[in-house]
Amino acid sequence: MANEDLVSWNAILEGYSQEGNHGLEAIFVFIEMVGEGMGLDHVSFTSAVSACGHEMNLELGKQIHGLTIKSGYGSHVSVCNVLISTYSKCEVTEDAKLVFQCMNDRNIVSWTTMISIDEEDAISLFNEVRLDGVYPNDVTFVGIIHAISIRKLVEEGEMIHGFCIKAGFLSKHNVCNSLGALLDMYAKRGSICESKRVFSETPHKSQFAWIAIISAYAGHGDYDSVIELFKEMEREGVRPDSVTFLSILAAGCRNGMVEMGRRLFHSMVKDYHIEPSPQHYSSMADMLGRAGKLEEAEELMSQIPGQPGFSLLHSLLGACRIHGNVEMAERVANTLMRLEPMESGSFVLMSNLYAEKGDWEMVAKVGKWKRDEGVRKEL
């Protein structure tokens with residue numbers, strides 16, 4: 001009868017702990033079970049420790065950990081797995097490591113949890129998994145790929161990517177999603193060929209994977225590939241987000257693709273109902289300025305929420321100099337000097353612009369203003 005009572009109590013306890021948002025109820029049930037003097041088992045301890053993790057209650061979790069040891073369940077694999085997870089959630093990774101090290105038997109959940117929380121040792125842990133005769137699963141690969149991406153381990157990334165292909169884990173959506181992080185790592189290191197290879201070998205391409213590959217080509221200034229990938233993404237039914245459009249606009253800015261930039265900016269707002277951020281406005285205004293569409297750039301700049309940033313104003317001032325628009329350059333320079341009165345770049349650009357126009361009187365004035373530290377002047 002006592003055993004039947006324990007099964008019933010465990011069912012209630014486990015039900016509360018698995019819900020996630022009923023952690024307190026689970027803890028109260030466990031405390032009542034202890035008060036009743038019930039002979040607790042691994043199910044009782046697993047559920048109670050899990051509830052502590054949900055509630056981020058480290059102190060109670062430690063007390064229950066002590067009770068598990070006294071009750072002979074301190075090295076039970078299921079209990080230890082939940083203890084590792086709970087200590088990790090409470091950001092006491094060293095305690096999680098200690099639990100792992102004291103385990104006599106470890107299953108794939110044990111190894112995968114440690115790989116996920118111990119990024120520094122993730123590679124060595126992954127190698128130990130196979131030596132221990134435990135076969136990694138899809139969640140293991142998600143954890144190791146994340147660790148590799150965080151630490152920017154290119155060679156290890158190639159090895160794990162190959163392992164995923166050989167072991168057939170690319171059929172798993174969560175692994176495919178995590179490969180987007182690997183793709184992004186290659187792109188940021190300038191390995192566009194590796195990025196392309198990872199992308200092409202990924203059967204289920206997530207939105208993040210599309211964004212990452214588009215950003216990779218955008219970073220290399222390959223605007224034709226960016227546009228082709230964007231169109232392919234739309235054909236595949238993947239919805240672009242604000243980051244996708246920002247990457248494309250940034251690439252278009254470097255390549256002077258004004259008309260395409262206009263169409264994409266319009267599509268972003270009208271077709272995808274994405275509210276332009278200051279960065280979107282800045283990229284578009286920068287693109288227009290570089291192309292000599294100064295009035296349009298200034299008009300767009302006036303729509304930026306708050307006020308345009310220093311880098312955009314400086315870029316537009318540079319465009320004014322290139323295209324010889326003194327009047328607009330003076331307006332932009334005055335704004336820059338109000339924002340950053342001690343920054344010398346705007347003084348230099350204005351001085352050069354006046355010199356190119358042969359206005360030596362203004363060159364002399366700009367030089368004097370530059371020397372008068374902290375004095376704000378209107379041009």
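1. Helix axes are lines fitted to C-alpha atoms over the stretch in contact, and the angles between them run from 0 to 180 degrees between N-to-C directions. The helices themselves are DSSP runs of H or I with at least four residues, numbered from the N terminus. This is a predicted model, in which local features need pLDDT of at least 70 and side-chain atom pairs count only at pLDDT 80 or more, while totals for chains, interfaces and linings use all residues. Residues are numbered from 1 along each chain as its sequence is written, and side-chain values use heavy atoms, with hydrogens and water left out.

2. With that in place, the pair α9 and α11 can be described. Helix α9 (residues 138-151) packs against helix α11 (residues 173-188) at an angle of about 15 degrees, and their axes lie 9 Å apart. The two are therefore roughly parallel to each other, given that angles under 35 degrees count as roughly parallel, over 145 as roughly antiparallel, 65 to 115 as roughly perpendicular and the rest as oblique. The crossing of α9 past α11 is left-handed, a term used if the near helix is turned anticlockwise from the far one by less than a right angle. On the α9 side the contact (heavy atoms within 4.5 Å) involves D138, V139, F141, V142, I145, I148 and S149, which meet N174, V175, S178, L179, A181, L182 and M185 in α11. These residues divide into 10 nonpolar, 3 polar and 1 charged, where Ala, Val, Leu, Ile, Met, Phe, Trp, Tyr, Cys and Pro count as nonpolar, Asp, Glu, Lys and Arg as charged, and the others, Gly among them, as polar.

3. Leaving out residues up to four places away in sequence, I144 touches I115, A122, I123, F126 and I160.

4. The axes of helix α2 (residues 23-35) and helix α3 (residues 42-55) come within 8 Å and cross at roughly 140 degrees, and that makes α2 oblique to α3. The contact is made by G23, L24, A26, I27, F30 and M33 of α2 together with S44, F45, A48, A51, C52 and E55 of α3. By class, this contact has 9 nonpolar, 2 polar and 1 charged residues, and α2 passes α3 in a left-handed crossing.

5. Helix α16 (residues 258-270) packs against α17 at an angle of about 160 degrees, with the axes 10 Å apart, and that makes α16 roughly antiparallel to α17. Their crossing is left-handed. V258, G261, R262, F265 and M268 of α16 make the contact with H280, Y281, M284, M287 and L288 of α17, and these residues divide into 7 nonpolar, 2 polar and 1 charged.

6. Helix α17 (residues 278-290) also holds D286, which is buried, with a relative accessible area of 15%. Apart from residues up to four places away in sequence, D286 touches C253, L312 and S315.

7. T244, in helix α15 (residues 242-255), counts as buried at 1% relative accessibility. When its neighbours within four places in sequence are left aside, T244 is in contact with I211, I214, F230 and M233. S225, in helix α14 (residues 223-235), counts as partly exposed at 21% relative accessibility. S225 and D41 are 184 residues apart in sequence and 60 Å apart in space, C-alpha to C-alpha.

8. Two backbone values deserve a look, given that most residues other than glycine have a negative phi. M56, in the loop between α3 and α4 (58-70), has a phi near 55 degrees, a positive value in a residue other than glycine. E91, in the loop between α5 (77-89) and α6 (93-101), has a positive phi of about 60 degrees although it is not a glycine, and at 70% relative accessibility E91 counts as exposed.

Terms used. Buried means under 20% relative accessible area, exposed over 50%, partly exposed in between (1.4 Å probe, protein chains only).
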